[in-house]
Amino acid sequence: ADWRFLTGSEDARTVVRLVNPSRRALVEARGAVGAGGAIYVEWWLPRRRAVEAARSGLEAAGFTDVRCYWPWPPPLRRQTQFWLPLDAPAAVAWHLASRPERRVLDAAWRAARQLGLLVPLCTTARVPDGDANLLEERLAGSWGGDRITWLLLTGGRRSLNKVVALAFLDEEPAPRAAVKVARTPEAEEPLLHEAEVLELLARNRPVPPGVPEVFEITRRDGRAAVVESAVEGRPLQPMLREGTFARHAESVTDWLISLAGNASIVPQADWWARLVDAPLQEFEELFGGVVDA
């Protein structure tokens, strides 16, 4: 088995990583992980009833709170974009429905799941220590539900890109919240600034649709985390064409005006250099060689 111990800041918990472990290796890992620690396992061998086998093996070794995910693309090969929770059919259905290639994906997913070909199967589990997942308990309690499952989004190649966990309550068909977690200490300040701006908007004016509400600012595994309402939508980039750009730009401008509300008029001299001259100069320096004036 491939052993790796991952430690973060002082308030982060120790995590052991295993690849294709035997039952003996799981038992040894249980002895190595201290109270409050966790285990992350990758199973790369196709097999039927893989989820059930992984769960029973981890629980037999003494772990609890077993979560099973299918990541795509597979880790260690390309940057993984999402992790689908295999014990939450509603979350999987929601994600597949949001993809442009929905029908093909849905059929391929069901066939692969039935044949046991969803590899790698990635599982997480905790050492029972009486310290439950307090964030999950608070969210589930406030929403009047029993259980929360997570659909993880880990796109972005920079360490400043956030990990986003979409929270699904019981078998609801859409996420209730998005929990954004900083990957690194350097990523915490921009994330906390985002929460500060959202709270400022909520206090000072009615916000238009599309602005998330901040539920909670907390920490997850030693990193800053912000719990926001989940806002659904489609990426703008695929919809931008020469014939559609003006229409979309107009819509964005109208939305920004509604976001400003009844803000006071500021003299042009106070903002032109910062908001027009400087961005235009930066754009010219970066792209002046590939576009005309």
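Where does Pro120 lie in the chain?

1. Pro120 has its place in the loop between helix H4 (102-115) and strand E6 (121-126). This is a predicted model, and in it the peptide bond that joins Val119 and Pro120 is cis, with an omega of about 0°. A cis bond also leads from Trp72 to Pro73, where omega is near -10°, and Pro73 belongs to the loop between strand E4 (64-72) and strand E5 (82-85). As background to both bonds, most peptide bonds are trans.

2. Asn20, a residue other than glycine, has a positive phi near 50°; Asn20 sits in the loop between E2 and helix H1 (23-32) and counts as partly exposed because its relative accessibility is 32%, which falls between the limits of 20% for buried and 50% for exposed. Asp65, again a residue other than glycine, has a positive phi near 55°, but Asp65 is found in strand E4, where a relative accessible area of 25% makes this residue partly exposed. Most residues other than glycine have a negative phi.

3. Strand E3 (residues 38-43) is mostly covered, with 6 of its 6 residues buried. Ala38, Tyr40 and Glu42 point one way from E3, while Ile39, Val41 and Trp43 point the other way, and the residues of both groups are buried. Strand E2 (residues 15-19) runs parallel to E3 and is joined to E3 by 5 bridges, with Val15 standing opposite Ala38.

4. The largest nonpolar core holds 36 residues, and those that touch the most other members are Leu26, Ile39, Leu58, Phe63, Leu86, Trp109 and Leu121. Once neighbours within four places in sequence are left aside, Ile39 is in contact with Val16, Leu18, Leu26, Ala29, Leu58, Phe63, Thr123, Thr124 and Ala125. A second core, separate and made up of 18 residues, includes Tyr40, Cys122, Trp150 and Leu169. Ile39 and Tyr40 also belong to the opposite-pointing groups of E3.

5. The structure holds 1 cavity of 30 Å³ or more, and the volume of the largest cavity is about 40 Å³. Its lining consists of Trp43, Leu45, Pro46, Arg47, Ala50, Gly116, Leu118, Val119 and Leu121, which divide into 7 nonpolar, 1 polar and 1 charged. Val119 in this lining is the residue that a cis peptide bond joins to Pro120, and Trp43 in the lining comes from the buried strand E3.

6. The second largest pocket contains about 990 Å³ of space. Of the 28 residues that line the second largest pocket, Trp94, Leu153, Val231, Gly233 and Pro235 lie nearest its centre. Helix H3 (89-97), strand E8 (163-169), strand E9 (177-181), helix H6 (188-204) and strand E11 (223-229) each supply at least two residues of this lining, which divides into 15 nonpolar, 7 polar and 6 charged residues.

7. Val266 lies in the loop between helix H7 (245-260) and helix H8 (272-287), and a relative accessibility of 42% is why Val266 counts as partly exposed. The C-alpha atoms of Val266 and Gly289 are separated by 34 Å, the two residues being 23 residues apart along the chain.

How values were computed
Residues are numbered from 1 along each chain as its sequence is written. This is a predicted model: local features need pLDDT of at least 70, side-chain atom pairs count only at pLDDT 80 or more; totals for chains, interfaces and linings use all residues. Side-chain values use heavy atoms; hydrogens and water are left out. On a 1 Å grid over the protein atoms alone, a cavity is a set of points where a 1.4 Å probe fits but cannot get out, and a pocket is an open set with protein on both sides within 12 Å along at least five of seven lines; lining residues have an atom within 4 Å of a point. Grid points are joined across faces, edges and corners, and a volume is the space filled by probe spheres set on the points. Ala, Val, Leu, Ile, Met, Phe, Trp, Tyr, Cys and Pro count as nonpolar, Asp, Glu, Lys and Arg as charged, and the others, Gly among them, as polar. Helices (H or I, at least four residues) and strands (E, at least two) are DSSP runs, numbered from the N terminus. Buried means under 20% relative accessible area, exposed over 50%, partly exposed in between (1.4 Å probe, protein chains only). A nonpolar core is a set of buried Ala, Val, Leu, Ile, Met, Phe, Trp, Tyr and Cys residues joined through side-chain atoms within 4.5 Å. Contact means heavy atoms within 4.5 Å. Two strands pair if DSSP finds at least two bridges between them.
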